[in-house]
Amino acid sequence: MRFLVLIPARLASTRLPDKPLADIAGVPMVVRVAQRARQSGAERVVVAADDARIVAACGAHGIEALLTGTDHPSGSDRLAEACVQLGLTDDEIVVNVQGDEPLIDPELIDAVAATLASRTNAAMSTAAHAIDSLEDFLNPNVVKTVLDAQGNALYFSRAPIPWWRDGFARNGPTALPTSPAPLRHIGIYGYRAGFVRRFPALPPSPIEATEALEQLRAQWHGYRIAVHVSAHAPGPGIDTPEDLARVRALFAAA
């Protein structure tokens, strides 16, 4: 199976300015992500950046990077431009690894690529893992998904799904549903390059706007999303200065 990893990197961040260049044990964050991705089976790892400083930082550490536009409304639009710049054929598999995941598991990247390669009727693939905390189940910042019999996503939501009608009828959620166990969505995606190029042209959907979840646009338009269920939770991502301090401490202790 052949695939490549694309890492979208945007310099502007309201909660953590210049996030891709944040230092983690002497190396910029986006480089740390690319180094982890290189441990996967990807034949190529490319950072798609919106600023020449990111490209330069990647080049200084031997990471391939290309400069994309500064006005892309989402990471998907940036990936679409990168696919065009790289001249990828429609059938080539691309795994989108977020630029703020310096502890991404290389095996998870491989699994997401393999899931898409094996599901010819799916346009995308992604990952999830079992939720073991009622707090996470109720947290709207934790995105949940439910699957069909073939392992495709039926829906993604910030709400607690599946809703256990009988178990929650009297007192609301006091324990997790057990059948099926709730799943937390992991923000990693596999695509075929042709779909990546088409996706930005799809009209946004009402449920996408309501839930603030871009993957619902694909489902709204009838595209299947195959889901790899991981046995493990992913490493912590970085959104805030507190997250950065936590990950720096993990690298310092390694």
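Student: What would a compact globule of 254 residues have as its radius of gyration, and what does the protein have?

Tutor: With 254 residues, a compact globule would come out near 18 Å, and the protein has 18 Å, which agrees. That radius is taken over C-alpha atoms, and the globule rule is 2.2 Å times the number of residues to the power 0.38. Keep in mind that this is a predicted model: local features need pLDDT of at least 70, side-chain atom pairs count only at pLDDT 80 or more, and totals for chains, interfaces and linings use all residues. Residues are numbered from 1 along each chain as its sequence is written, and side-chain values use heavy atoms, with hydrogens and water left out.

Student: How many helices and strands are there in the protein?

Tutor: There are 10 helices and 11 strands. They are DSSP runs numbered from the N terminus: helices are H or I with at least four residues, strands are E with at least two.

Student: And what share of the residues counts as buried?

Tutor: 49% of the 254 residues. Buried means under 20% relative accessible area, exposed means over 50%, and partly exposed is in between, using a 1.4 Å probe and protein chains only.

Student: Ok, the nonpolar core. Which residues in the largest one touch the most other members?

Tutor: Val5, Ile7, Val47, Val95, Val97, Ile109 and Ile188, out of 32 residues in that core. A nonpolar core here is a set of buried Ala, Val, Leu, Ile, Met, Phe, Trp, Tyr and Cys residues joined through side-chain atoms within 4.5 Å. Elements that each supply at least two residues of the core include strand 1 (3-9), strand 4 (44-49), helix 4 (106-118) and strand 10 (183-192).

Student: What is Val5 in contact with, leaving aside its neighbours within four places in sequence?

Tutor: Its partners are Ala37, Ser40, Ala42, Arg44, Val45, Val46, Val95, Val97 and Ile109. Contact means heavy atoms within 4.5 Å. There's also a second, separate core of 31 residues, which includes Val46, Leu183, Leu202 and Ile225.

Student: Let's jump to helix 10. Which of its residues are buried?

Tutor: Asp243, Leu244 and Val247. They sit on the same side of helix 10 because they cover an arc of only 100 degrees around the axis; the arc is that of the directions from the helix axis to the C-beta atoms. On the other side, Glu242, Ala252 and Ala253 are exposed.

Student: What covers the buried ones?

Tutor: The cover includes strand 2 (23-24) and helix 1 (29-37).

Student: How far does helix 10 reach?

Tutor: Its 13 residues, 241-253, reach 18 Å from first C-alpha to last, close to the 18 Å expected at 1.5 Å a residue. The expected span is 1.5 Å times one less than the number of residues.

Student: Now Ser76. Is that residue buried or exposed?

Tutor: Ser76 is buried, at 9% relative accessible area, and its place is in helix 3 (residues 75-86). Its side chain and that of Glu214 are joined by a polar contact of 2.8 Å. For that term, a pair of N or O atoms must lie within 3.5 Å; within protein, one must be able to donate a hydrogen and the other to accept it, and residues adjacent in sequence count only if both atoms are side-chain atoms.

Student: What about Ser157?

Tutor: Ser157 is in strand 9 (residues 153-157) and is buried, with a relative accessible area of 3%. Its side chain reaches the backbone nitrogen of Ala159 at 2.9 Å.

Student: Where are the cis peptide bonds?

Tutor: One joins Ile161 and Pro162, with omega about 0 degrees, and Pro162 is in the loop between strand 9 and helix 6 (165-168). Another joins Ser179 and Pro180, again with omega about 0 degrees; Pro180 is in the loop between helix 6 and strand 10.

Student: And what is phi for Ala25?

Tutor: Phi of Ala25 is near 55 degrees, a positive value in a residue other than glycine. Most residues other than glycine have a negative phi, and most peptide bonds are trans. Ala25 is in the loop between strand 2 and strand 3 (27-28) and counts as exposed, at 52% relative accessibility.
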